[in-house]
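Reader: Could you walk me through this one, starting with how the chains meet?

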Amino acid sequence: MTTLAIGLLSASLLWEQISAEVDAGLEAAFKAAVARVAPAVVQIQTVGGLETLPTGAARGGPLLRGLGPTTGLIVAADGYIVSSSFNFVHLPAGITVHVPNGQTYPARLVARDRTRMLTLLKIEAHRLPVPAVTPKEEIHVGMWVAALGRTLSVSPQGPPSVSIGIVSATRRIWGKAVQTDAKVSPINYGGPLIDVYGRVVGILVPMSPRGDQETAGVEWYDSGIGFAVPLEDILRVLPKLKEGRNLGRGLLGIRWQAGHPLTAPPIVGDVLPGSAADRAGLRSGDRIVEIDGVPIERQAQAQLVLGPKYEGESVRLKIRRGEQTLELGPVALGADAPILRSAYLGILPMRDDATAGVEVRYVFADSPAAKAGLRPGDRIVTCNKLPVTDRNSLRSALDNLLPGTEIVLGVKRQGTEDKIEDIKLTTALAPLDDRVPDQLPVGTRKQAQAAGRSPAVPAALEKPRQPADKPVPAKQPQAKPQQPAKEVRKGAWEHHDPLSGHRFWVYVPENYDPNITYALVVWLHPPGDPMKDVILQVWRDLCQEHHLILLGPEADAPSGWVTSEADLIKSDIQYMLSQYAIDRFRVVTHGLGRGGDMALYLAFDAPELIAGAAAVGGTLDHLPAREPTRRPPRFYLVAGQRDPRLEGIRSLRPRLLERNVPVHWTEIAELGSGYIPQADGIRHLVRWIDSLDRL
Amino acid sequence: MSFAPRFGPSLCTAWITKPRVAWTAALCLTALSAATFSVRAADRSFADVVRNVQPKMVKIFGAGGYRGLTAYCTGVLVSPEGHILTVYSPTLDSRELRVHLYDGTRYEAEVVATEPQLDVALIKIRTPAELKLNDLPYFDITAPIPDVQPGDWVLAFSNLFEIATGDEPVSVQHGVIAAIAPLAARRGVHEAPYKGTVFVLDAITNNPGSHGGIVTTRRGEWIGLIGKEVRNTLSETWINYAMPIKDLRRFVEEARRGVYKRMPAPEDTTKIVQPLAEHGIVFVPDVLDLTPPYVEGVLRGSPAEQAGLKPDDLIVFVRLPASPGSSDYEERVVPSIKSFRQLTASLEPGTRIQIIVRRQQQLLTFDLTLAPRPKGNPAPAKKDSSL
């Protein structure tokens with residue numbers, strides 16, 4: 001037994017000893033590896049530029065920029081340097097590069113890779129040291145790596161900063177990046193991630209699966225979640241970047257059938273007209289079986305194969321259509337960000353209408369509908385010989401057409417209802433300057449019947465209203481309570497979730513009628529002030545008169561909204577949709593100042609949920625991720641000429657128009673950073689909301 | 001077989017299948033290990049180091065617990081009588097300052113000396129006269145300090161987040177020295193008081209309560225004291241760092257003897273003072289926080305004109321004496337007009353400086369000898385705006 005005890009003791013000592021030697025060996029190996037790459041790791045200095053980094057509402061305000069130098073890696077002996085685009089988001093006036101050999105050069109920004117957040121610089125230097133590359137097939141989870149940076153280097157000749165870790169995953173962020181637990185942060189963004197032999201695995205960048213901005217993913221700095229773009233991938237596109245070509249994402253141009261990407265089968269829901277998928281002959285209902293020879297069984301797998309592709313790159317598809325298996329392509333993927341637009345008629349449909357077809361409520365001047373002679377009161381019953389049953393069916397018929405297509409509408413005219421008249425017209429693009437009619441007829445069929453008030457509401461609560469086009473509500477003894485089974489909350493009420501601490505308030509007009517579809521206005525308050533009373537005071541009567549419901553989520557922090565709160569707001573909206581008769585085409589975010597930023601952000605973040613954003617004094621420095629959508633959200637922007645943020649607010653409009661997003665723009669001379677001052681202005685906004693379901 | 005797991009799965013479990021084989025292996029390796037010990041005695045395992053360091057660490061509890069200030073921090077014994085080095089923080093500002101030793105013994109403590117410039121404090125365990133301590137395990141601050149480099153493996157010991165109480169040992173973290181660099185940091189909106197060179201670490205060592213913890217080399221040699229949580233102004237990120245103990249040695253030794261005198265408060269160098277000398281550069285209007293230092297024009301007959309600076313030159317660097325009158329020059333980046341003014345404000349007439357500008361795609365260097373400021377001429381800031 002004694003022998004056993006001695007054996008155990010020595011074994012344990014021995015194990016500690018071996019472990020110490022492994023540590024020493026690894027430490028020495030990495031020092032040698034760092035020394036091997038260090039001559040190619042350059043320090044980048046910038047002059048001028050923004051002091052805060054544009055992250056918009058994304059982080060509840062701008063991010064302060066570090067004033068230190070940043071890092072880059074030499075990738076070609078004749079002076080090409082790759083760095084992270086994060087290092088240039090502040091738009092510097094001048095860039096200089098310190099090469100570890102002691103030389104300093106002015107640098108030129110050659111091109112950006114927008115898919116991988118990289119920037120290529122050029123300096124007029126020769127015979128620079130170029131590091132060795134770790135082949136992608138040798139990058140595996142668990143291998144030791146080190147992240148190098150130059151921010152902390154006192155002199156560019158000194159050693160770079162080092163953080164050691166392992167590769168945590170390969171093929172992250174849709175196949176574009178390697179993940180590491182080495183500490184990655186602004187002190188080494190743009191620097192190399194190296195292996196223990198002193199070869200470069202990749203370039204360190206901030207990245208996030210949730211955003212495609214240069215600053216997305218910075219919130220994960222030093223967390224043990226860091227990303228690097230494999231150098232092998234970068235070298236593959238280096239010739240294109242050297243030509244000065246900015247590289248963007250390649251898009252197939254489809255939307256999947258609804259479902260969670262990790263579980264849903266890869267069945268095409270919708271093919272965007274003019275897209276790569278359209279050119280390849282893909283159709284709605286096709287099931288994708290293979291992309292470029294890779295078998296696909298779930299939507300996420302398809303995204304993983306398509307994610308790393310650049311615009312202009314070709315793919316081959318194998319699909320199943322009914323009993324057939326077809327090979328499509330090769331087809332070149334489309335460019336980034338086509339916000340495709342639907343064919344436009346220029347009408348407003350009548351809502352809450354039980355009769356088959358779509359009654360024309362309003363015709364926009366100079367629109368295709370006006371030119372073809374369509375009139376208010378006409379009822380559209382067919383589109384290209386296919387029956388139109390309601391608003392939704394006309395909408396989806398138009399969604400499958402390109403602007404400029406000639407169509408035939410079957411129309412019943414007032415007085416001659418028994419006859420269907422064919423009206424031929426050529427659809428157009430909806431105008432980008434989002435016009436708001438000066439006057440609008442009533443938008444709901446139900447209201448015209450005047451029964452639209454719940455008997456539960458005492459007459460005393462009814463505000464006297466005399467719109468000329470609305471009949472005075474008569475006592476209707478036979479009016480039966482509508483949907484008696486479901487008692488909905490009316491008036492102003494609040495909700496507080498004790499678990500998450502999240503709060504919101506709601507105003508539902510006292511004369512709420514579940515047979516009328518209401519517009520939902522999601523009020524996003526400026527930092528620190530929910531403004532509930534002000535908003536209620538201004539909007540209460542309008543809500544009753546124009547069938548609006550207000551939802552006022554409250555930001556968690558007094559400093560304002562952060563993007564992670566978008567999910568909470570979206571679930572608040574979903575809750576409202578489940579409780580009240582709300583028109584999905586008229587869900588609007590509305591905010592003031594930084595709350596306006598959030599309103600704009602949400603419209604980009606959830607275009608399937610939000611039809612428009614009305615921002616007073618709001619702006620976004622960077623427009624968020626752009627998925628192709630058929631009907632982009634519409635924007636209503638109000639800027640005060642005395643607003644200190646005026647320039648930023650003004651800069652948003654051209655950027656939205658460039659993306660083919662409809663914008664209504666108002667500048668108010670005497671307005672600072674406050675709310676819309678005149679009642680007229682707010683009524684105008686209400687008409688814009690009322691006309692959001694234009695077709 | 002009970003000892004097989006001690007070897008760890010990667011080495012041995014795969015081939016040690018029978019007790020007899022295991023025995024032989026263990027004995028052979030024991031012999032081997034004895035030999036190795038004699039060759040590389042300095043390479044101690046982490047476990048060994050931790051056993052040695054932990055008894056010297058203390059947990060400190062004092063004032064705080066509100067407005068983001070923790071009521072706890074970490075300290076390290078630096079004398080057998082109970083002197084403890086820690087970071088100067090509001091936690092110490094308490095009449096009921098308590099320390100918990102490694103073995104769970106609790107003592108009251110009192111502040112002996114503080115140095116706001118170094119952000120450190122020396123406290124001492126308070127005991128009744130009849131119970132004089134003189135045999136506590138401690139680190140000798142006068143011991144030789146190894147030379148360390150970026151990439152060296154280190155261990156950090158601290159009571160981060162007050163995880164340890166009573167006789168629980170403080171938390172140990174592992175990382176490498178990421179860089180050895182001057183601390184350019186702020187705490188809130190204020191600049192961090194400590195300005196010296198620090199060890200920047202790649203482990204997340206600077207957390208609530210970890211200030212006053214220590215960093216050792218892989219072999220257990222004490223090299224640094226973990227500072228407060230601060231943001232690095234170079235990158236605007238939280239930074240993990242430790243102050244080298246060689247810079248704290250004098251403080252500890254003199255404070256122990258009761259003879260420490262505080263350092264004088266540094267001068268405020270951030271104020272833009274009236275420049276002493278004239279360079280003759282007229283900048284574009286300084287309207288932004290970081291207006292790039294573009295030359296709008298040069299005054300006739302000025303050093304800038306004589307040197308050959310031209311409108312539209314972008315000043316990128318300036319080389320100036322490291323200290324007034326020094327012949328050592330240092331190169332400084334000039335990110336904005338404001339920083340150029342700050343850098344050059346205190347230079348005397350007659351000082352030679354070099355200005356490096358970007359003109360088209362070239363970097364050009366110009367030598368200027370600063371001239372006396374002309375009489376009756378308003379400050380350059382005024383001239384800028386009038387142009």
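Author: In this predicted model, 51 residues of chain A are in contact with 51 residues of chain B, where contact means that the C-beta atoms, placed from the backbone, lie within 7 Å.

Reader: Which element gives the largest share of the side of chain A that touches chain B?

Author: Helix 1 of chain A does, with 19 residues; helices (H or I, at least four residues) and strands (E, at least two) are DSSP runs, numbered from the N terminus.

Reader: How do the residues on that side of chain A divide?

Author: They divide into 23 nonpolar, 17 polar and 11 charged, with Ala, Val, Leu, Ile, Met, Phe, Trp, Tyr, Cys and Pro counted as nonpolar, Asp, Glu, Lys and Arg as charged, and the others, Gly among them, as polar.

Reader: What about chain B, how many helices and strands are there?

Author: Chain B has 8 helices and 24 strands, and 41% of its 387 residues count as buried, which requires 20 or more other C-beta atoms within 10 Å of a residue's own, C-beta atoms being placed from the backbone.

Reader: Back to chain A: at what angle do helix 9 and helix 13 pack?

Author: Helix 9 (residues 532-546) and helix 13 (residues 679-690) of chain A pack at about 35°, their axes 11 Å apart, where axes are lines fitted to C-alpha atoms over the stretch in contact and angles run from 0 to 180 degrees between N-to-C directions. The contact involves A:Val538, A:Leu542 and A:His546 of helix 9 and A:Ile682, A:Val686 and A:Asp690 of helix 13.

Reader: How should I read the numbering and the model?

Author: Residues are numbered from 1 along each chain as its sequence is written, while chains are lettered from A and ligands numbered from 1 in the order in which they are written. As this is a predicted model, local features need pLDDT of at least 70 and side-chain atom pairs count only at pLDDT 80 or more, whereas totals for chains, interfaces and linings use all residues.

Methods: Two residues are in contact if their C-beta atoms, placed from the backbone, lie within 7 Å. A residue is buried if 20 or more other C-beta atoms lie within 10 Å of its own, exposed if 12 or fewer, and partly exposed in between; C-beta atoms are placed from the backbone.
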